[in-house]
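Subject: A structure for you, with notes

Hi there,

Here is the structure I promised to pass on. Could you open it and keep it beside you while you read my notes?

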Amino acid sequence: MDGYGITLFLHSWMRWAVVVTALMTLVPSIVGWRNGAHWDDTKSKWASWFVNTTSIQLVLGLLLYGVFSPVLQQAFANFGGAMKDGVLRYWAVEHMTMMVIAVAFAHIGAARVKKAASDVAKHRVAVIFFGLAILIIVASIPWPGSGADPRPLFRLALP
Ligand code: HEM
């Protein structure tokens, strides 16, 4: 496997860490908000894991985007032309832009949860910011059968 293969493989599987940590962060935040629960260390830890896994995805994604991906090299060779091709535009603009926005929401959410004055406010901020991040992430993952260039759920081989 070359740099592209290793990075794509890690980025593909790390998506599951993002999805799992997202659910482990969001579901207890929604339940806790409804029940007026205490914001405890477990919730803070899952929120940190969610932010960390999305940050790792950002780094791996940037490596694919700027260094390794032959798809992006093809797009950059003729960017104007790439904008007219659904697959190249998806990778050059759509996936990257939406995911960067989602990672930003995750980071802003984590900072605001820390600053929030009450347990209710912490839960509310978590649901809003992490919820937006998760919605964007789930909508921007190239699931099988979706979007311009669907990819496998479990990557066992390179394209
Ligand atoms: C939470 C954030 C992200 C998630 C969950 C995610 C998920 C994925 C998934 C599932 C794939 C398909 C992998 C495969 O083919 O098996 C992919 C491909 C890719 N992602 Fe992301 N991604 C994220 C963020 C980013 C960011 C921020 C960038 C760019 C800065 C990026 C750039 C790419 C590129 C360039 C490809 C592959 C294109 C190719 O096939 O060569 N991703 N991503």
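Below are my notes on the model, from the overall fold to a few single residues.

First, how to read it. Residues are numbered from 1 along each chain as its sequence is written. This is a predicted model, so to say: local features need pLDDT of at least 70, side-chain atom pairs count only at pLDDT 80 or more, and totals for chains, interfaces and linings use all residues.

Confidence and overall fold

The mean pLDDT (the predictor's confidence in each residue, from 0 to 100) is 96 for the chain, and 99% of the residues reach 70 or more. Helix α2 (residues 41–68) has the highest confidence, at a mean of 98, while helix α4 (residues 79–82) has the lowest, at 94.

The chain has six helices and zero strands; these are DSSP runs, numbered from the N terminus, with helices being H or I of at least four residues and strands E of at least two. The C-alpha atoms fill a box of roughly 55 × 30 × 25 Å along the principal axes. Of the 159 residues, 31% count as buried. A residue is buried if 20 or more other C-beta atoms lie within 10 Å of its own, exposed if 12 or fewer, and partly exposed in between, with C-beta atoms placed from the backbone. Among contacts with a separation of 6 or more, 70% are between residues 24 or more positions apart; a contact here is a pair of residues whose C-beta atoms, placed from the backbone, lie within 7 Å.

Helix α2 has 28 residues and spans 38 Å from its first C-alpha to its last, close to the 40 Å expected at 1.5 Å a residue. The expected span is 1.5 Å times one less than the number of residues in the helix. Its buried residues include Trp 46, Phe 50, Gln 57 and Leu 64, and the buried residues of α2 pack against α1 (3–35), α5 (86–115) and α6 (119–140).

Helix α6 has 22 residues and reaches 31 Å, close to the 32 Å expected. Among its buried residues are Lys 122, His 123, Phe 129 and Ile 136. The cover over the buried residues of α6 includes α1, α2 and α5.

The cores

Where do the nonpolar side chains gather? The largest nonpolar core has 22 residues, and those with the most contacts inside it are Ala 47, Phe 50, Ala 102, Ala 106, Phe 130, Ala 133 and Ile 137. Such a core is a set of buried Ala, Val, Leu, Ile, Met, Phe, Trp, Tyr and Cys residues joined through C-beta atoms within 7 Å. Helices α1, α2, α5 and α6 each give two or more residues to this core, and α6 gives the largest share, eight residues. Leaving aside neighbours within four places in sequence, Phe 130 is in contact with Thr 25, Leu 26, Ser 29, Phe 50, Ala 106 and Gly 109. Apart from this core lies another, of six residues, among them Val 71, Ala 75, Leu 88 and Trp 91.

The ligand shell

The ligand is surrounded by 27 residues, of which the closest are Ser 12, Gly 61, Ser 69, Met 99 and Arg 151. Helices α1, α2, α3 (70–77) and α5 each supply at least two residues of the shell, and the largest share, seven residues, comes from α2. By class, the shell has 17 nonpolar, seven polar and three charged residues. In that count Ala, Val, Leu, Ile, Met, Phe, Trp, Tyr, Cys and Pro are nonpolar, Asp, Glu, Lys and Arg are charged, and the others, Gly among them, are polar.

A few single residues

Leu 63 is in helix α2. Leu 63 counts as partly exposed because 18 other C-beta atoms lie within 10 Å. Not counting residues up to four places away in sequence, Leu 63 touches Thr 7 and Phe 68. Leu 63 and Gly 3 are 60 residues apart in sequence, and their C-alpha atoms are 9.4 Å apart in space.

Arg 124 lies in helix α6 and is partly exposed, with 17 other C-beta atoms within 10 Å. The C-alpha atoms of Arg 124 and Trp 33 are separated by 6.3 Å, although the two residues are 91 apart along the chain.

Gln 74 belongs to helix α3 and is partly exposed, with 16 other C-beta atoms within 10 Å.

Best wishes

How values were computed: Contact = placed C-beta atoms within 7 Å. Near = placed C-beta within 6 Å.
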